[in-house]
Amino acid sequence: MDLRSLEYFVAVADERSFTRAAQRCHVTQPTISGQITALERELGEPLFDRAARAMSLTDGGEILLPYARQCLAAAENAKAEFSARAGLLRGEFRFGTGGGVENTSIPMLLGALRKTHPGIDVHLTEATSAPLVEMVAQGRLHAAVIARPQAALPTTIASAPMFSGRLVAVFDPSAFSFDEPVAITALAGRPVITYPSSSALRSRLDAVIAESGTDITVNYVANDVRLQLAFARQAVGIAICADSDPALQDCPDLTIRALTPPVTFDKILVWRNDIAPNAATRAFFAIWKKFSAAARESA
């Protein structure tokens with residue numbers, strides 16, 4: 001069992017396709033297929049259910065996947081450590097974030113990491129909070145910025161505050177009329193446009209709605225606030241989104257109002273606390289700490 005076979009196996013498991021895995025690994029599909037077949041022969045059982053309509057892991061594949069990720073991560077970390085010893089930091093830093101962070105410190109942090117350590121390959125993944133936490137827990141991401149969830153984080157996940165915000169109501173004033181601020185109870189019976197259930201921002205909204213005792217139906221779901229606003233412009237509902245999203249800076253035709261009771265949220269940085277961070281992740285943490293210290297001094 002060699003690292004190349006494990007790399008191909010993980011690629012197929014992630015992509016759920018031999019074709020996409022081959023594109024990701026920059027090899028031909030027969031190469032991927034041949035390596036997987038050889039790996040299955042070595043282990044004595046199939047790793048993928050090829051008869052299913054969608055490519056899926058067998059029980060054996062599910063067992064192998066975390067070990068394969070650990071092996072690849074260990075090899076990657078070893079290379080990065082020796083590059084650091086030689087004075088040139090190399091390796092991968094896989095980072096995740098939700099949308100609407102263009103005007104936060106996140107682009108500056110990643111930009112500073114790139115400028116300070118050009119040998120580090122930064123890979124960015126955009127998703128909602130629940131999938132991001134899962135990817136960090138699985139080792140697929142080294143760190144991520146998420147909205148703090150209602151439930152406690154897994155014990156293997158550490159966190160630190162990044163920034164705070166609140167949700168606001170955005171609507172076409174020719175179609176809807178509300179007092180200012182917009183009461184959560186006033187949304188009852190009105191079509192609502194907001195984030196999907198996998199978003200921690202949606203969880204915060206749902207919690208406040210439940211506390212109000214109001215029956216509110218979410219009719220349109222979109223994680224992209226620009227799409228939420230496009231729906232709002234068509235007067236199909238009231239968008240409930242984060243006040244920090246840059247899309248709100250360019251919507252003069254829509255009304256933006258605070259909610260009452262307020263629906264606040266905290267964005268936090270999360271990472272694994274049960275394993276030592278690799279050299280690239282330590283470099284990111286060092287830059288993040290400098291940014292945080294500068295922000296405290298200017299406050």
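Colleague: Let's start with alanine 143: which strand is it in?

Modeller: Alanine 143 sits in strand β5, residues 143–147. Strands here are DSSP runs of E with at least two residues, helices are runs of H or I with at least four, and both are numbered from the N terminus. Before we go on: this is a predicted model, where local features need pLDDT of at least 70 and side-chain atom pairs count only at pLDDT 80 or more, while totals for chains, interfaces and linings use all residues. Residues are numbered from 1 along each chain as its sequence is written, and side-chain values use heavy atoms, with hydrogens and water left out.

Colleague: OK. Is alanine 143 buried or exposed?

Modeller: Buried, at 0% relative accessibility. Buried means under 20% relative accessible area, exposed means over 50%, and partly exposed is in between, using a 1.4 Å probe and protein chains only.

Colleague: What is alanine 143 in contact with, leaving aside neighbours within four places in sequence?

Modeller: Phe93, Arg94, Phe95, Gly96, Val136, Leu269, Val270 and Trp271. Contact means heavy atoms within 4.5 Å. Take leucine 269 from that list: leucine 269 and alanine 143 are 126 residues apart along the chain, yet their C-alpha atoms are separated by 7.0 Å.

Colleague: And for the whole chain, what share of contacts join residues at least 24 apart?

Modeller: 72%, counting contacts between residues at least 6 apart in sequence. The chain has 299 residues, and 44% of them count as buried. It holds nine helices and twelve strands, and its C-alpha trace spans about 65 × 55 × 35 Å along the principal axes.

Colleague: Switching topic: how many residues are in the largest nonpolar core?

Modeller: There are 35, and Leu167, Ile184, Leu187 and Ile240 have the most contacts inside it. A nonpolar core is a set of buried Ala, Val, Leu, Ile, Met, Phe, Trp, Tyr and Cys residues joined through side-chain atoms within 4.5 Å. The elements giving two or more residues to this core are β6 (157–171), β8 (192–194), α7 (200–212), α8 (225–233) and β10 (238–242). There's also a second, separate core of 23 residues, which includes Val101, Leu109, Val145 and Ala280.

Colleague: Which residues does leucine 167 touch, leaving aside neighbours within four places in sequence?

Modeller: Tyr195, Leu201, Leu205, Ile240, Cys241, Ala242, Leu259, Val263 and Phe265 are in contact with leucine 167.

Colleague: You mentioned α7. Which of its residues are buried?

Modeller: Ala200, Leu201, Arg202, Arg204, Leu205, Ala207, Val208 and Ile209. At the start of α7, a side-chain oxygen of serine 199 comes to within 3.1 Å of the backbone nitrogen of leucine 201. After the helix comes glycine 213, with a positive phi near 75°.

Colleague: What about aromatics, how many pairs are there in the whole structure?

Modeller: Eleven aromatic pairs turn up. Rings of Phe, Tyr and Trp (its six-membered ring) pair if their centres lie within 6.5 Å; planes under 30 degrees apart count as stacked, over 60 as edge-to-face and the rest as tilted. Phenylalanine 9 and phenylalanine 48 make a tilted pair, 5.5 Å centre to centre with 50° between the planes.

Colleague: Which parts does that pair tie together?

Modeller: Phenylalanine 9 lies in helix α1 (residues 3–15) and phenylalanine 48 in strand β1 (residues 48–49), so the pair links parts that are 39 residues apart in sequence. Phenylalanine 9 is buried, with a relative accessible area of 0%, and phenylalanine 48 is buried too, with 3%. Elsewhere, Phe93, Phe95, Trp271, Phe284, Phe285 and Trp288 form one aromatic cluster.

Colleague: Last topic, the backbone. Where is there a cis peptide bond?

Modeller: One runs from glutamate 180 to proline 181, with omega near -5°. Proline 181 is in the loop between β6 and β7 (182–183). Another cis bond runs from threonine 260 to proline 261, also with omega near -5°, and proline 261 lies in the loop between β11 (255–260) and β12 (264–272). Most residues other than glycine have a negative phi, and most peptide bonds are trans.

Colleague: And which phi does histidine 26 have, positive or negative?

Modeller: Positive, about 60°, although histidine 26 is not a glycine. Histidine 26 is in the loop between α2 (18–25) and α3 (29–43), and it is exposed, with a relative accessible area of 72%.

Note on methods: Polar contact = N/O pair within 3.5 Å; in protein donor to acceptor, adjacent residues only side chain to side chain.
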